[in-house]
Amino acid sequence: MNVLDAVKSRKSIRKYLDRPVEDSKLNTVLEAGRLAPSASNRQEWRFVIVRESGTRKRLAEAAGGQTFVGEAPVVVVACAKTDGRVMRCGQLSYPIDVAIALDHMTLAAVELGLGTCWIGLFEETRVKEILGIPEDIRVVQLMPLGYPVDPTPVEKSRLPFDMIVKYDHW
Ligand SMILES: Cc1cc2nc3c(=O)[nH]c(=O)nc-3n(C[C@H](O)[C@H](O)[C@H](O)COP(=O)(O)O)c2cc1C
């Protein structure tokens with residue numbers, strides 16, 4: 001599978017098989033994240049890998065009761081150990097850097113037959129309590145990971161080029 005195939009095949013997975021993710025596959029997914037670029041190569045990302053089923057269920061509750069989050073065999077809790085650095089362009093670097101790493105992971109997962117879903121709907125303080133995450137660490141996203149019930153790629157609902165791309169000037 002090439003990168004574009006993975007981009008086209010990835011979709012949000014909200015139903016997972018009751019099948020564990022092999023350690024080798026999990027490590028390959030994490031390696032794709034580890035190799036991601038980051039501002040000044042600061043690599044502020046930190047990942048808590050949750051496999052324990054009771055903890056996954058508690059995370060699902062902290063994610064607004066999105067039960068599928070706890071049904072995946074793995075939940076990647078993507079964190080940042082950050083000093084809140086703002087780049088010259090005015091943007092915080094850590095949410096961008098963590099997102100790049102996670103996106104690498106979503107594409108590596110597709111190649112391995114695995115599925116993911118970005119989860120931004122969660123209560124950070126509850127997630128930190130559940131996992132014992134220190135106060136100075138930010139939780140950026142949750143990401144369930146597992147074998148999809150239905151891996152078939154779907155047509156993506158996206159804006160057309162002429163709405164999102166401008167050439168040479170706005
Ligand atoms: C930053 C971010 C946060 C998201 N949070 C959630 C979420 O909490 N729950 C959920 O079911 N989907 C969530 N999604 C998934 C989006 O709804 C989904 O990516 C979008 O509708 C496009 O569909 P696709 O991923 O199947 O291509 C999130 C996606 C992103 C990128």
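Start by selecting R51: at 47% relative accessibility, R51 counts as partly exposed. Keep in mind as you look around that this is a predicted model. D23 and R51 form a salt bridge, and their closest N and O atoms are 3.1 Å apart. This pair links distant parts of the chain, 28 residues apart: D23 is in helix α2 (residues 23-34), while R51 is in the loop between β1 (45-50) and α3. Why would two such side chains meet? Side chains of opposite charge can pair when their charged atoms come close.

Select E22 and R19, whose side chains meet in a salt bridge at 3.6 Å, N to O. With a relative accessibility of 32%, E22 counts as partly exposed. R19 is also partly exposed, with a relative accessible area of 38%.

Next, pick E44 and R42. Their side chains meet in a salt bridge too, at 3.0 Å from N to O. Is E44 buried or exposed? At 6% relative accessibility, E44 counts as buried. R42, at 31%, counts as partly exposed.

**A charged residue without a salt bridge**

D97 is buried yet has no salt bridge. How far away is the nearest side chain of opposite charge? That side chain is R42, and it is 6.0 Å away. A salt bridge needs the nitrogen and the carboxyl oxygen within 4 Å. To see what D97 does touch, leave aside residues up to four places away in sequence and show P37, S38, A39 and W45.

**Down the axis of α6**

Now color helix α6, residues 124-131, and select E124, V127, K128 and I130, which are buried. Turn the view until you look down the axis of α6: the buried residues fall within an arc of 160°, so they line one face of the helix. As background, an α-helix has 3.6 residues a turn, so residues three or four places apart point the same way. On the other side of α6, T125 and E129 are exposed. What covers the buried residues of α6? The cover includes α3 (53-62), β2 (74-81) and β4 (137-146). Just after α6, stop at G132, which takes a positive phi of about 65°.

**Around the ligand**

Select the ligand next. It is surrounded by 14 residues, and the closest are R10, S12, R14, Q66 and R158. Zoom in on R10: an N or O atom in the side chain of R10 is 2.8 Å from an oxygen atom of the ligand. For S12, an N or O atom of the side chain is 2.6 Å from a ligand oxygen. Then find G120, where a backbone N or O atom lies 2.9 Å from a nitrogen atom of the ligand.

**Last stop: S9**

Finish in helix α1 (residues 3-9), where S9 lies. S9 counts as buried, at 17% relative accessibility. Where does the side chain of S9 reach? It reaches the backbone oxygen of D5, at 2.8 Å. Show M1, V110 and P153 as well: S9 touches these residues, not counting those up to four places away in sequence.

Definitions and conventions
Residues are numbered from 1 along each chain as its sequence is written. This is a predicted model: local features need pLDDT of at least 70, side-chain atom pairs count only at pLDDT 80 or more; totals for chains, interfaces and linings use all residues. Side-chain values use heavy atoms; hydrogens and water are left out. Buried means under 20% relative accessible area, exposed over 50%, partly exposed in between (1.4 Å probe, protein chains only). Helices (H or I, at least four residues) and strands (E, at least two) are DSSP runs, numbered from the N terminus. The arc is that of the directions from the helix axis to the C-beta atoms. Contact means heavy atoms within 4.5 Å. Lys and Arg count as positive and Asp and Glu as negative; His and the chain ends are not counted. A residue is near a molecule or strand if one of its heavy atoms lies within 4 Å of it. A polar contact is a pair of N or O atoms within 3.5 Å; within protein, one must be able to donate a hydrogen and the other to accept it, and residues adjacent in sequence count only if both atoms are side-chain atoms.
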